[in-house]
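Here is a brief report on one structure. Keep the sequence and the model open while reading.

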Amino acid sequence: MYELKFDERQCLSCATQDCLTKCQYMNIDRDTAKREILKIAHGEDSFVLHDCVTCYACEEYCPVNNHPFYLIVEQQEKLNIPPLPQPIIRRGINTGVPFRGEPEIVNINGRALNMGVFSDLLHLIQGKLFTGLPVISTDPRKMFHYFCQLMYLHYARTSVIKERLPKIIETIRKHNITDLICFHDECYGTYTSYCPSVGMDVPFKPVHLFEYLYNRLNELKGEIKPVNLKVAYQRPCSARLCPDKHHFVQDIFDLIGADHVKREYVDGNALCCGGTIRGQRREGSRKRAADVQRRNIEDMKKAGAEVCIFNCPACYTTMGEMVAQNGMKPMFMSDLCRLAIGEKPAGWR
Ligand code: SF4
Ligand code: SF4
């Protein structure tokens, strides 16, 4: 029922083949890129389906929004080329089943923040920045009712996403939410990128957390004191689904006096946290992940970062300790914003 909108004619007339030539995990020239993306579109096997680390970046690189990454994972599933070991895929899919028991429906009639599966991170939405904002998915026993399921792109299981997501959207709709502030980029990308790509309706307005934080900081502008910290930003894979919101990273840093250090692996050139690469079933995956993480962290250090800012809890889990071991402080963006208005986030000294 939900068909991916991928237009092969766009690739035939494409002047860049950026989707694959910009890929940081494969070395692909333009001719090869054109040949391989067309093979994938025709349902044929391609080395790309085997070597893709599911970093999501080609969704951003394609200049005409033709959804090359969604195509890759759809074909991986169709041709049974799983990026992760099958037991991990089975366990992960069973963990995220959304409809065990009934969610508690509250009539919100306005905007609300959705924590998705991160009900254990309520400490990140404390203080004045979030005062008065209704929050859904705060109960760990019910959080999967609000789990966008997009993580299963890493598992090449778009069939699972298409089956479960409409019911999740319906659950959110029942709360009578007009504006859904998404705690995680993945959730935001689900509603603004993935749903339109397969023709799935979204009956509320998704709002990116960084846009919310930026606007809220502006309301509290009089209370901002420059944090005067040199910061690096770990851009998560799911941020590739909403590149139009990426400017809020710099906007927030400018507003609160954070010095965004100049480095190589930033913006479109960002490296993933390595979490998915490490778990992949290919030979040398662990070494490859370690190499990506080493390059990323050395780049932050070389640029003089004191703090590494995260948005994605998975990136934080994967890289937080390494960041700390390398003399930088790992910190979520919301905590950095709290610091700027004189609040002390948990664990900050
Ligand atoms: S997916 Fe996009 S970038 Fe890649 S060849 Fe097609 S149009 Fe060009
Ligand atoms: S998802 Fe990442 S690794 Fe896979 S083809 Fe696209 S850019 Fe390359």
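## Ligand 1 shell

Ligand 1 is surrounded by Q10, C11, C14, T16, Q17, D18, C19, I37, C62, V64, N66 and P68. Two elements give two or more residues each to this shell: helix 1 (8-12) and helix 2 (18-21). The model is predicted.

Sorted by class, the shell around ligand 1 holds seven nonpolar residues, four polar residues and one charged residue.

## Nonpolar core

The largest nonpolar core counts 103 residues. L213, I252, C308 and I309 have the most contacts inside it. Helix 10 (residues 209-219) is the element that gives the most to this core, with six residues.

What does I252 contact, once neighbours within four places in sequence are left aside? The partners of I252 are F210, L213, Y214, L217, M333 and C337.

## S285

S285 sits in helix 13 (residues 285-302). Is S285 buried, exposed or partly exposed? S285 has 18 other C-beta atoms within 10 Å, so it is partly exposed. The cut-offs behind this are simple: 20 or more such atoms make a residue buried, and 12 or fewer make it exposed.

Which residues does S285 touch, not counting those up to four places away in sequence? They are I277, R278 and Q280. S285 and V53 are 232 residues apart along the chain. Their C-alpha atoms are separated by 9.4 Å.

Notes
Residues numbered from 1 in each chain as written. Chains lettered and ligands numbered in written order. Predicted model: local features only at pLDDT ≥ 70, side-chain atom pairs only at ≥ 80, totals over all residues. Near = placed C-beta within 6 Å. Helix = DSSP H or I, 4+ residues; strand = E, 2+ residues; numbered from the N terminus. Nonpolar A, V, L, I, M, F, W, Y, C, P; charged D, E, K, R; others polar. Core = buried A, V, L, I, M, F, W, Y, C linked by C-beta atoms within 7 Å. Contact = placed C-beta atoms within 7 Å.
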